Amino acid sequence: MGLAARLLLLLLALSAGQGLGSGRRPPPQSGPEGWALGGGRRLLSLELLEEAEDLSLALLGMGLPGALPPECRELLVGFANSSVRLTGCLVRSARPVRLCQSCYRHFQSVTEQLENITRAVGNSSESNCAKSLLMSDRVQLVVILSQFFNSTWEKANCANCLKNNSEGLSNSTIEFLNLFNTTLMCFEHNFQGQAISVVPSNHTEVCRKCNQTYRNLNALYNKMQKMTEQGSEHRTHLCIDVEDAMNITRRLWSRTFNCSVPCSDTVPVIAVSSFILFLPVIFYLSSFLHSKQKKRILILPKRIQSNASLVNIQEKYS
Amino acid sequence: MANVAKKVSWSGRDRDEEDEPPAAGEATPLLNGAGPGAAGGPPHSRPITHLPFLRLGKLSSVDLDDDVRELETEATNQFPSEIPHNEKLLSLKYESLDYDNCENQLFLEEERRINHTAFRTVEIKRWVICAMIGILTGLVACFIDIVVEKLAGLKFRVVKDNIDKFTEKGGLSFSLLLWAILNSSVVMVGSVIVAFIEPVAAGSGIPQIKCYLNGVKVPHVVRLKTLVIKVCGVILSVVGGLAVGKEGPMIHSGAVIAAGISQGRSTSLKRDFKIFEYFRRDTEKRDFVSAGAAAGVSAAFGAPVGGVLFSLEEGASFWNQFLTWRIFFASMISTFTLNSILSFYHGNPWDLSSPGLINFGRFDSEKLGYTFQEIPIFIVMGVVGGILGAIFNALNYWLTMFRIRYIHRPCLQVIEAMLVAAVTAAVGFVMIYCSSDCQPLQGDSVAYPLQLFCADGEYNSMATAFFNTPEKSVVSLFHNPPGSYNPMTLGMFTLMYFFLACWTYGLTVSAGVFIPSLLIGAAWGRLFGISLAYLTSGAIWADPGKYALMGAAAQLGGIVRMTLSLTVIMMEATGNVTYGFPIMLALMTAKIVGDYFVEGLYDMHIQLQSVPFLHWEAPVTSHSLTAREVMSAPVTCLRRIEKVGTVVDILSDTSSNHNGFPVVESSPDPTQVAGLRGLILRSQLIVLLKHKVFVERANLTLVQRRLKLKDFRDAYPRFPPIQSIHVSQDERECMMDLTEFMNPSPYTVPQEASLPRVFKLFRALGLRHLVVVDNHNEVVGLVTRKDLARYRLGKEGLEELSLAQT
């Protein structure tokens, strides 16, 4: 009876395009935000429409045993919201890479939400949220999503530039990023004067002025790399933010500004190597000329008709 | 093993082929030649004592004897002749193993005493020994791996830091010098220990083990000293940056370990653990050596089945199921030991992910599968591998010949090795210097990234190939993603490395050829893959790693020409059974094409060392030869009851250092037929003389201990030389009864038997002496390994090799 009434109410809500259905639930967090950001009524209505649809589908079969209990639904929505925020953040900070610095809070909240779901296993046996959310169908969307987030996080190796408790960026990372910003500022500052010149070479001023900062940055990066290597047996990456920042700087430095011009000393190298290559020739020649050739002393075997047998062989094959 | 002081060298001369002084030949027309008189008589013999008991050689008939005498006088005229070393020689240095059990009365008594349970204990001991072989081989492999990794890492870091420093400031020629000097000084140490302490440890050791399994006793090949030198030598030569691998020597190391453990003692260290005494003879030792070789292969490549098949391919004439099973057991234990220790070392103890010294890495069948259309391409690669392998072998042949002829002094050999090391470094440096192939750094893909003239954050791609241990370079050629190398880099690398590897093999350092071959093949294979993708403009999407693997297989097959075992080794090393078919095709084609031009590298080196190696079968066109033509004659025989003086004289005759003596019936009347009664070995005679087992003494001291088989075993394998045994004048007049000690049932053939028939008997039973008798069971001649090995199928048909002192 009650169910039928609720359905009716929902239909009304759908037709009116108003958020009546949300009355019995905590207001969705994305609602006000969407309002604020989009500022459009259209967006709101679309979202509401979706939610209403959700609800209608969820309510279908609500009373049946085995339906998703409301507290689980709440957990699910919580996960949905946090993952939406994380996804947005990840994509927004994809280029230039700022993943770890800007999204670690979102990532943390996703992890917490997921923990909530899994921890809900123990509290009541009939409303086993973990079971119904995480392993009751073939696709297991929540699991897929969380796995995706985790693997992205691991691939980016963000743990490397966060503090141990993931509370914030580690000191060395902050130091590095500061230095990185200084370097970029320096580049920008000194480059401005020559920005019009199209020729990519001869940015000598940049090279001269920013040499010290660039070197410091490089040294700090190498130091950080060494520190991570010490921790584990294999070579590991730094977190992607730091790596990418360094890559950008290096590319600017050696490709765009053409600052790292190594000394090439071709003539001495050729001289030394041809000297080395020449040594074996002398060695072989001298040993060919001076060394006594090794002779073998032949020993004639004793046999009955060795002549005959040789003749025999020769006859056969001549 | 030479059981004798150097000057004596009673090596493998099982018959009369000494230079016969004409005087002796003429003075004793009716007696067997080989009079010890004129040609520097033995120390104990007085001239007068000779004639009365000149050995009772048995000449079947008078006309035969005339023949012999004529020939001998002829021979002496043209003697001695000296010729430069060539490949058509057989060296006197090598003897046969006594694979055939000597079934004398002592042996039969002992076997009768051993009851059923005791035999079971022996069987269990065999298994225990195999397990120990596996474990120790694995441990040695671990040791080599870890030490090489540490030392090479140190070297590369030093050179890298130096290069990085000088790239900024200028003066890279100093880095080049540093690299060259580091390399050649490390190689110098490695070469000095090999050249001056144990020359037999040079090279990969596979030819030597092949000879040993074939039944040739290569002097010093399974000694503890050889093992130590081999292990240190291989570490030094890999660290020294030569174009070599550490896999081949593992096989030799495994074989030495097996030979050592199975004896339960070390003669070098003079320690006898009093265990495994039952196994102190060539028969048992050789079986264990084949297990050791298999364990070595399995530790080197993580290929236990490949190891078993390697032993099967190389030593298969003496083979049975139980032995195979035991060998397999040893192989498995070996790879497992290596795996567990290395995974502990690498910090993931229960992972077991490094089964061999070289790990080809994972080849996923989904990503790197092959299609039907690619099979002809693999065959083409096999052809290329065969041709390149043939060129490699031909070049190495000339080089080795030159080395044997001219660079035979140890100090020259050391200098040569040092020069090669320096040149290898110089070539590597110049290649890296000239290369402009820069690739972005990606975390851990490169072990020692050299930046040199690349932009910051990039590394020189040529440096991954040259500035690295060869094993790592192979793996990166297999697995680096497409585009890591540009074709120019690969082409130059292949060319340079080909010549370097060819030049390096045969130096007096212990080092293998497996890895350099794989590396050359992987480089051109990858190049092949890239150009294929380029030519067909992506129609055949080719992952270059797959072609690198096939190229490596084809190149290795073209050089060493192993078939079955190599296919399985490659298959196991890649861990992918689906690759078995293309690998087999590539190897097969490479072998066929290569054999058309020249022999395999190992066979070639065996031949250049003048080893009397018996192939599977007699040369195909040798049916016209009979035992009478093949055998050596006349034979030095002993009588069943022989005078001690005679025995001593025969044994100390340096010109006829025979190892086996047919024993004939002792009859006072020389004209009477003296039939064959048995065969006795030099080693047995020496033990008899040492213990003074004379008829008279037995009568004198009734309580004298009877000689047991144990006395023979204790002297094995280094029997004292005859010079060290003192026999007094009185004792010379005593008599020895050989009945108990001789092998009463030696294998014999009639004179009319054809060469293939004799060959088959000889090869299949692992004989050392085969007596040729006439209708009256009289000894006519003796066939030994060198009599059979000298017939070879050459370019113009059947050839006969000559014997030479080396």
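**Disulfides, aromatic pairs and a hairpin in a predicted model**

Biologist: Is A:Cys210 buried or exposed, and what is its relative accessible area?
Modeller: In this predicted model, a residue counts as buried when its relative accessible area is under 20%. A:Cys210 is buried, because its relative accessible area is 0%.

Biologist: Which cysteine does a disulfide join to A:Cys210, and where in the chain does that cysteine lie?
Modeller: The disulfide of A:Cys210 is formed with A:Cys186, with an S to S distance of 2.0 Å, and the torsion about the S-S bond is about -95°, so the link is left-handed. The pair links distant parts of the chain, 24 residues apart, with A:Cys210 in helix 9 of chain A and A:Cys186 in helix 8 of chain A. A:Cys186 also counts as buried, because its relative accessibility is 15%. The partner is therefore A:Cys186, and the element that holds A:Cys186 is helix 8 of chain A.

Biologist: How many residues apart in sequence are the parts that A:Cys161 and A:Cys239 tie together?
Modeller: A disulfide joins A:Cys161 to A:Cys239 at an S to S distance of 2.1 Å, and the torsion of about 105° makes this disulfide right-handed. A:Cys161 lies in the loop between helix 7 and helix 8 of chain A, while A:Cys239 lies in the loop between helix 9 and helix 10 of chain A, so the distance in sequence between the parts is 78 residues.

Biologist: Which helices of chain A does the disulfide of A:Cys89 and A:Cys103 tie together?
Modeller: The sulfur atoms of A:Cys89 and A:Cys103 are 2.0 Å apart, and the link, with -90° about the S-S bond, is left-handed. Because A:Cys89 and A:Cys103 lie in two helices, the pair ties together parts that are 14 residues apart in sequence, namely helix 4 (residues 70-92) and helix 5 (residues 99-119) of chain A.

Biologist: How many aromatic pairs are there over all chains, and what is the angle between the planes of B:Phe466 and B:Phe493?
Modeller: The count over all chains comes to 33 aromatic pairs. B:Phe466 and B:Phe493 form one that is edge-to-face, 5.0 Å centre to centre. B:Phe466 lies in helix 15 of chain B and B:Phe493 in helix 17 of chain B, so the pair ties together parts that are 27 residues apart in sequence. The count is 33, and the angle between the planes is 75°.

Biologist: Why is the pair of B:Phe528 and B:Tyr547 called tilted, and what is the angle of its planes?
Modeller: Planes under 30 degrees apart count as stacked and those over 60 as edge-to-face, so the rest are tilted. The rings of B:Phe528 and B:Tyr547 have their centres 6.5 Å apart, and the pair is tilted because the planes stand at 40°.

Biologist: Which residue of strand 16 of chain B stands opposite B:Val771?
Modeller: Strand 15 (residues 769-773) and strand 16 of chain B pair in the antiparallel sense over 5 bridges, and their hairpin has 5 residues between the strands, with B:Asn777 taking a positive phi near 60°. Strand 16 (residues 779-784) of chain B is mostly covered, with 6 of its 6 residues buried. The residue of strand 16 that stands opposite B:Val771 is B:Leu782.

Biologist: Which annotation does UniProt give to residues 742-800 of chain B?
Modeller: The span of residues 742-800 of chain B is 27% helix and 37% strand, and its end C-alpha atoms lie 33 Å apart. The UniProt annotation, from an unreviewed entry, reads "domain: CBS".

Notes:
Residues are numbered from 1 along each chain as its sequence is written. Chains are lettered from A and ligands numbered from 1 in the order in which they are written. This is a predicted model: local features need pLDDT of at least 70, side-chain atom pairs count only at pLDDT 80 or more; totals for chains, interfaces and linings use all residues. Side-chain values use heavy atoms; hydrogens and water are left out. Buried means under 20% relative accessible area, exposed over 50%, partly exposed in between (1.4 Å probe, protein chains only). Helices (H or I, at least four residues) and strands (E, at least two) are DSSP runs, numbered from the N terminus. Two strands pair if DSSP finds at least two bridges between them. UniProt positions are given in the numbering used here, feature names are shortened, and annotations may be inferred rather than shown by experiment. Rings of Phe, Tyr and Trp (its six-membered ring) pair if their centres lie within 6.5 Å; planes under 30 degrees apart count as stacked, over 60 as edge-to-face and the rest as tilted. A disulfide is a pair of cysteine sulfur atoms within 2.5 Å.
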